[in-house]
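Walk me through this model, feature by feature. I would like to learn how each one is read.

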Amino acid sequence: MTALRPLAPPDAPAVEPLALSGLHASLSDPLLDAMTFLNEVTTRYPGAVSFAPGRPYEGFFEPEDVHGHLDAYLDHLAARGLDRDAVRTTLFQYGPTKGVIADLVARTLANDEGLIVAPESLVLTVGAQEGMLLTLRALCAGPQDVLLVSSPCYVGVTGAARLLDLTTVPVPEGPDGGPDPQAVRAAARAVRAGGGRPRALYVVPDFANPSGTSMPVGARARLLETTAAEGLLVIEDNPYGFFARDPGERPTLKALDRRRQVVYLGSFAKTCFPGARLGYVVADQEVAGPGGRRSLLADELAKLKSMTTVNTPALSQAVIGGMLLRHDCRLRAANARATAYYAANMTALLGALEREFPAAERRRLGLSWNEPEGGFFAVLTVPFTADEAAMERCARDFGVLWTPMAPFYPAGGGEHRLRLSVSSLTEHQIDAGVAQLARFIRAQAR
């Protein structure tokens, strides 16, 4: 056997370090550093009660379920008449860029959301994050195009915009939750006055990350009217819509959409499990091309996807497709136990805060919190700067982790606010964690 030669002699000079200033500017963005720090500090304090991550509760996951879901999907393919060779190709080969389970996802949306969409208007993506990247890349054609974002805002979309060198303009949440329609109108007009083109508004109407707020139904209709009048598309992200403490009617913006003005981002991370890394985009907008050609925005997103992840893994789609089939394409029913669990946890969190901080002490400290109707997150306003240093002191000295809110404000703000997530904890952990968090807050206030 011929010995391998070293790529360079041992005494060869090392390549000069790459200058960070010579790499993409997003790598110097504090937003990316903040999220990296959060992951690292969680690892450094594994024994702390962690209100930081918005991950699902693992007690609902069983490894053997994966095999059952996959078998259900294979049975489905056989029932459709696919022979063994066709099944092999579906599972093992590169597949259609738009995905192989769009028909099952469309059925699920109809059952769960009353949302009637054609399967061809769907693109299956590698998580909702890829859907954001593809949608922003397609809609924003040049430096004049601007994305409006509800503020505080999920860092995934502002981070995606930063990677694509897109300008974002924050729109503050109104007093009832969600972006205020008047503020949306003012922001769009200010962008146009400055020579830009306001292209779309990103919003999470239900139990938003990070604020936990939800838009009232009337506000949803007003928002659609306002964005239509301003020529804006709406990018609706809905990872938490199932998880309400009160199961009242909350139609998605897309379900209210009569103009095809809403691009809908969905994910199976919370309703199925994150490890599949499966999301989808409903993009039923018509695109007019040269020579009178017509296509769907979904078809154009597929072109972009073919240059990134090529196609979403068929095995992930098969497992999620099997899970949908085993529950008759009704994820609301399938998630009843998880919904009850998260609702009980949110109730436990709010109850623990009430017990630890009576009204008189809250007024004295300048402490307050919101009371989300569901989802994973609640937000505390505290009498000190809730930054990374404070979070690390809390983890080290009091055994509790949380998430600073400032990185979620694109134009600054939130320095005295912190986010608490209840999704991955038990009620006992919540009670113990709030008791320790209260000790930390009192110590900081002193």
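**Reading strands, helices and cysteines**

Q: Which residue in β4 is the bridge partner of Ser-151?
A: Pro-172 in β4 is the bridge partner of Ser-151. This is a predicted model, where local features need pLDDT of at least 70 and side-chain atom pairs count only at pLDDT 80 or more, while totals for chains, interfaces and linings use all residues. Residues are numbered from 1 along each chain as its sequence is written, and side-chain values use heavy atoms, with hydrogens and water left out.

Q: How are strands and helices assigned, and what counts as pairing?
A: Both are DSSP runs, numbered from the N terminus: helices are H or I with at least four residues, strands are E with at least two. Two strands pair if DSSP finds at least two bridges between them. Take β3 and β4: they run parallel, joined by 6 bridges.

Q: How many bridges join β3 to β5?
A: β3 and β5 are joined by 5 bridges and run parallel. Within β5, Leu-201 is the bridge partner of Leu-148. β5 also runs parallel to strand β6 (residues 233-237), with 4 bridges. There, Ala-200 has Leu-233 of β6 as its bridge partner.

Q: Which way do the side chains of β3 point?
A: In a regular strand, side chains alternate between the two faces of the sheet. In β3, Asp-145, Leu-147, Val-149 and Ser-151 point one way. Val-146, Leu-148 and Ser-150 point the other way.

Q: Is β3 mostly covered or mostly open?
A: Buried means under 20% relative accessible area, exposed over 50%, and partly exposed in between (1.4 Å probe, protein chains only). β3 is mostly covered, with 7 of its 7 residues buried. In β5, 5 of the 7 residues are buried, so β5 is largely enclosed by the rest of the structure.

Q: What is the strand order in the open sheet of 4 strands?
A: The order is β11-β12-β15-β14, and the pairing is antiparallel. The edge strands are β11 (368-369) and β14 (403-404), each pairing on one side only. β11 pairs with strand β12 (residues 377-381) over 2 bridges, in the antiparallel sense. Trp-369 stands opposite Leu-380 of β12.

Q: Now helices. How far does α7 reach from its first C-alpha to its last?
A: The expected span is 1.5 Å times one less than the number of residues. Helix α7 (residues 181-193) has 13 residues and reaches 18 Å, close to the 18 Å expected.

Q: Which residues of α7 are buried?
A: An α-helix has 3.6 residues a turn, so residues three or four places apart point the same way. In α7 the buried residues are Pro-181, Val-184, Ala-187, Ala-188 and Val-191. They cover an arc of only 120 degrees around the axis, which puts them on the same side of α7. That arc is taken over the directions from the helix axis to the C-beta atoms. On the other side of α7, Gln-182 and Ala-193 are exposed.

Q: What do the buried residues of α7 pack against?
A: Contact means heavy atoms within 4.5 Å. The buried residues of α7 pack against β3 (145-151), β4 (167-172), β5 (197-203) and α8 (217-229).

Q: What is found at the start of α7, and what follows the helix?
A: A polar contact is a pair of N or O atoms within 3.5 Å; within protein, one must be able to donate a hydrogen and the other to accept it, and residues adjacent in sequence count only if both atoms are side-chain atoms. At the start of α7, a side-chain oxygen of Asp-180 comes to within 3.1 Å of the backbone nitrogen of Gln-182. After α7 comes Gly-195, whose phi is positive, near 90 degrees.

Q: Which residues of helix α3 are buried?
A: In α3 (residues 84-92), the buried residues are Val-87, Thr-90 and Leu-91. They cover an arc of only 90 degrees around the axis, which puts them on the same side of α3. Their cover includes α2 (63-79) and α11 (314-326). At the start of α3, a side-chain oxygen of Asp-83 reaches to within 3.2 Å of the backbone nitrogen of Asp-85.

Q: Which residues does Leu-104 touch?
A: Leu-104 lies in helix α4 (residues 102-113) and is buried, with a relative accessible area of 0%. Not counting residues up to four places away in sequence, Leu-104 touches Tyr-73, His-76, Gly-321, Leu-324, Leu-325 and Cys-329.

Q: How many disulfides does a search of the whole structure find?
A: A disulfide is a covalent bond between the sulfur atoms of two cysteines. The cut-off is a pair of cysteine sulfur atoms within 2.5 Å. The search finds 0 disulfides. For Cys-153, the closest cysteine sulfur is in Cys-140, 13 Å away, too far for a bond. Cys-153 is buried, with a relative accessible area of 2%.
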